[in-house]
Structures are given as structure tokens and as C-alpha cells.
Amino acid sequence: MPAAIVTVLTFLVLVALAWLFLTRTVLGRGFSVPLRTMLRAPETAQYPEQPRPVQPRFHGRHQLNRYADGLEKCIGCELCAWACPADAIYVQGENNTPQARYSPGERYAEDYQINYNRCILCGLCIEACPTRALTMTHDFEISADNYDALVWTKDQLLSPVPPGGEDTPHPDREVRARGLNYYGGLAVTPPTLHGGRFAPATPASASRAAQVVPEVGDPTHRKGR
Ligand code: SF4
Ligand code: SF4
């Protein structure tokens, strides 16, 4: 038999044995992973100069939202704290007073803390919140080199005052005079973070509460969410 044919047959047999080894044996399948990776183009992320966008439903750090006029959505009910499996949330509720109103409800959160040493970013707290006061942003750059810096306080979590709104507290009489339906017509979408920056809250459709009990004659009421 000519030497060239022997060489070709030997080569084909070796290729077949290599293919069987890489596809039919556990060890071979393990080796095939780095071999395939070696042939791919490298994917180098230029972080932090060029951070990659996260997925829309990414669970980043939390944010306490406001209504369009600046009032806080949080009513200090503590449902988020009770829902948290890691015991990472502390809420101290307090009554709004005739002189100072922080939220449209009877109460507001005088103190609000999230301990990111404990938080597992599961999102159960935002599901429990009845007013959509608490949402999660796309901001993941919250690492710190000490315990205290990872306990975020209310002033860190509270969203910026929307354009045209005022910071809390508001004069109570002034809020009542507005005649607004906060749980129906003045709902706003939760502001989200894009690229580490706050996007301002934008007017949105009515809240779930307003869908169940529509406000007849309320010009600000809109269906859907
Ligand atoms: S995301 Fe999960 S662990 Fe973190 S505060 Fe909310 S409920 Fe607790
Ligand atoms: S964030 Fe929501 S669930 Fe938590 S205390 Fe405020 S209103 Fe209640």
C-alpha cells in the first residue's frame, strides 16, 4: 500500500478517535470546553470606563420613590421589612402632622434603612410594598470596605425631587387644598437608574388601586398601568 494512503488513513483514524474522545467521554467533554473557548474571540469588558447595560429586570440597589409633587410614597407600614427574608430592612414609622406632611397617608417613614451586608437583592420587599414606594434600580456599584458604609439610610435611598415638585415636608393644608388622588390619578412610574444615573420620574397610568375602584370624574384618572 502506498505510503500516502497509509498516512491519510492514519490521520482519519486519529481524527475519529479524537472526535470520539471529545464527544463520548466525560474527560473529553471537559477538555472540549477550554478548546472551544480558545477558538472564540476574546470578550473584554472595559469596566468601569464602559460599563455594560444590565438587563431590564436587573435587581440593583433600592430606591424610595416620590409622587410628582415631591411627597414620599412610603407610608411607613413596614410590610417590606416583614417580607424580607434576610432581616435587612429597618423602618421607623411616624405620624404626619398638621405642620409637616411627608406622605399622602396618615404615616410616613421617619427612618428607613437597608443593610446591604445582609440584603440578597431578592426583590421580595418591593413586591410587598403597597404603594410602589420601594423599587429596585439598575445601580450595582455599592461595594464598600466597611460594614457601616453598607447600611444605607433614608437620605441615600430617597429619589431626587421630580421637576416641578418640592422637597418634604409639605404644609399639610397646602396638600389638602390640591385635591389630588394620590392612590389613583397621581401615580408615577418608579424612576430607574440607567448607566448609574437617575432618570426622573415620569407621569404614568393609574395605580392598581384606581383600577379596582375607578375615580368617577377624576380628570387625572387613566386606565392601565
Ligand atoms: S431585596 Fe430581599 S434581602 Fe434585600 S431588602 Fe429586599 S427582601 Fe430583603
Ligand atoms: S417602602 Fe413600602 S412596604 Fe416599606 S414601609 Fe414604605 S410603604 Fe411600607
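I started with R132, which lies in the loop between α4 and β4 (134-136). I took helices (H or I, at least four residues) and strands (E, at least two) as DSSP runs, numbered from the N terminus. The model is predicted: local features need pLDDT of at least 70, side-chain atom pairs count only at pLDDT 80 or more, and totals for chains, interfaces and linings use all residues. Residues are numbered from 1 along each chain as its sequence is written, while chains are lettered from A and ligands numbered from 1 in the order in which they are written.

I looked up the backbone of R132 and found phi near 55°, a positive value in a residue other than glycine. R132 counts as partly exposed because it has 18 C-beta neighbours inside 10 Å. My cut-offs: buried is 20 or more other C-beta atoms within 10 Å of the residue's own, exposed is 12 or fewer, partly exposed is in between, with C-beta atoms placed from the backbone.

I then turned to L121, in the loop between β3 (107-115) and α4 (124-128). L121 is not a glycine, yet its phi is positive, about 55°. With 16 C-beta neighbours inside 10 Å, L121 is also partly exposed.

**Cis peptide bonds**

I noted a cis bond joining Y47 and P48, with omega about 10°. P48 sits in the loop between α2 and β1. I noted another cis bond from T168 to P169, where omega is near 5°. P169 belongs to the loop between α5 (154-157) and α6 (172-178).

**The two ligands**

A residue is near a molecule or strand if its C-beta atom, placed from the backbone, lies within 6 Å of it. I counted Ala, Val, Leu, Ile, Met, Phe, Trp, Tyr, Cys and Pro as nonpolar, Asp, Glu, Lys and Arg as charged, and the others, Gly among them, as polar.

Ligand 2 has 14 residues around it, with C74, C77, C80, C129 and L134 nearest. I sorted that shell into 11 nonpolar, 2 polar and 1 charged.

**H62**

I found H62 in strand β1 (residues 62-64). H62 counts as buried because 26 C-beta neighbours lie inside 10 Å. Beyond its neighbours within four places in sequence, H62 is in contact with I114, L134, M136 and L157. Contact means C-beta atoms, placed from the backbone, within 7 Å. I also checked T137: its C-alpha is 5.8 Å from that of H62, though the two are 75 residues apart along the chain.

I checked helix α2 (residues 26-39), which has 14 residues and reaches 21 Å from its first C-alpha to its last.

Helix α1 (residues 3-24) packs on α2 at about 95°, with the axes 5 Å apart. That makes α1 roughly perpendicular to α2, a term for angles of 65 to 115 degrees. I saw F21, L22, T23 and R24 in α1 meet G28, R29, F31 and S32 in α2. I classed this contact as 3 nonpolar, 3 polar and 2 charged residues.

**Whole chain**

I counted 7 helices and 7 strands in the protein chain. Buried residues make up 23% of its 225 residues.

Notes:
Expected span 1.5 Å × (residues − 1). Axes fitted to C-alpha atoms, helices over the stretch in contact; angles between N-to-C directions. Parallel < 35°, antiparallel > 145°, perpendicular 65-115°, else oblique. Contact = placed C-beta atoms within 7 Å.
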